[in-house]
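The sequence and the structure are shown first, and numbered remarks come after them.

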Amino acid sequence: MQVDFYHLTVTPVERALPGIAAKVVDGGGRLLVVSADPGQRARIDGALWSWQAESFLPHAQAGEGDDRIQPVLIGPEVEPANGARFVALIDGEWRDAALDFDRAFHFFDGEAIGAARVAWKGLAGRDDVERRYWKQDENGRWTQAA
């Protein structure tokens, strides 16, 4: 399984996540977006509606309809009711339950960098995990740093 660490230095997660979500859905996959913060979940919900004027990214908040049919499901727990094999942890908190997916996207900012380092080190040496570390440059473009 692959874990991508995304260090947000310029762009907030509300602007960074939709592009990744679109790639997952365009590839036929399903994504679970996890945050313990209800306000952040609401902001992501809004961002997925409005991130590009010419497209629609189907999604819903967990419990607000039939979760099983949602290509992108936003919830407070790592519970893939939509059958997702991809998970995005967007509140800076690593959860080991993400290791049950095919790929995890772990977003964090400067405030959560210490916890991200602990998670990075905790996954080192595992034969079943490939880690990648992405950081934004001054223009907000992603570069792989490790």
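1. The model under review is predicted. The values quoted in this note should be read with that in mind.

2. His7 is part of strand β1, which covers residues 2–7. Is His7 buried or exposed? With a relative accessible area of 7%, His7 falls under the 20% limit and is therefore buried.

3. Setting aside neighbours within four places in sequence, His7 is in contact with Phe108, Asp109, Gly110, Ile113, Tyr133, Trp134, Lys135, Gln136 and Trp142. As for another histidine, His59 is 52 residues from His7 in sequence, and their C-alpha atoms are 24 Å apart in space.

4. Helix α1 (residues 13–26) and helix α2 (residues 38–50) have axes that come within 9 Å of each other and cross at roughly 55°. Because of this angle, α1 is described as oblique to α2. The crossing of α1 and α2 is right-handed.

5. Which residues make the contact between these two helices? On α1 they are Val13, Glu14, Leu17, Pro18 and Ala21, and on α2 they are Gln40, Arg43, Ile44, Ala47 and Leu48. Sorted by class, the contact of α1 with α2 has seven nonpolar residues, one polar residue and two charged residues.

6. The count of aromatic pairs in the model is nine. One of them joins Phe5 and Trp94, whose rings are stacked, at 6.3 Å centre to centre and with 20° between the planes. This pair links distant parts of the chain: Phe5 belongs to strand β1, whereas Trp94 lies in the loop between β5 (86–89) and β6 (103–108), and the two are 89 residues apart.

7. Phe5 has a relative accessible area of 0%, so Phe5 is buried. Trp94 has a relative accessible area of 17%, and since this is under 20%, Trp94 also counts as buried.

8. Phe5 and Trp120 form an aromatic pair as well, in this case edge-to-face, at 5.1 Å centre to centre and with 75° between the planes. Here too, distant parts of the chain are linked: Phe5 is in strand β1 and Trp120 is in helix α3 (residues 113–123), 115 residues apart. Both Phe5 and Trp120 are buried.

9. Which residues do the ring pairs link into a cluster? They are Phe5, Trp94, Phe108, Trp120 and Tyr133.

Terms used: Residues are numbered from 1 along each chain as its sequence is written. This is a predicted model: local features need pLDDT of at least 70, side-chain atom pairs count only at pLDDT 80 or more; totals for chains, interfaces and linings use all residues. Side-chain values use heavy atoms; hydrogens and water are left out. Helices (H or I, at least four residues) and strands (E, at least two) are DSSP runs, numbered from the N terminus. Buried means under 20% relative accessible area, exposed over 50%, partly exposed in between (1.4 Å probe, protein chains only). Contact means heavy atoms within 4.5 Å. Axes are lines fitted to C-alpha atoms, for helices over the stretch in contact, and angles run from 0 to 180 degrees between N-to-C directions. Angles under 35 degrees count as roughly parallel, over 145 as roughly antiparallel, 65 to 115 as roughly perpendicular and the rest as oblique. A crossing is left-handed if the near helix is turned anticlockwise from the far one by less than a right angle, and right-handed if clockwise. Ala, Val, Leu, Ile, Met, Phe, Trp, Tyr, Cys and Pro count as nonpolar, Asp, Glu, Lys and Arg as charged, and the others, Gly among them, as polar. Rings of Phe, Tyr and Trp (its six-membered ring) pair if their centres lie within 6.5 Å; planes under 30 degrees apart count as stacked, over 60 as edge-to-face and the rest as tilted.
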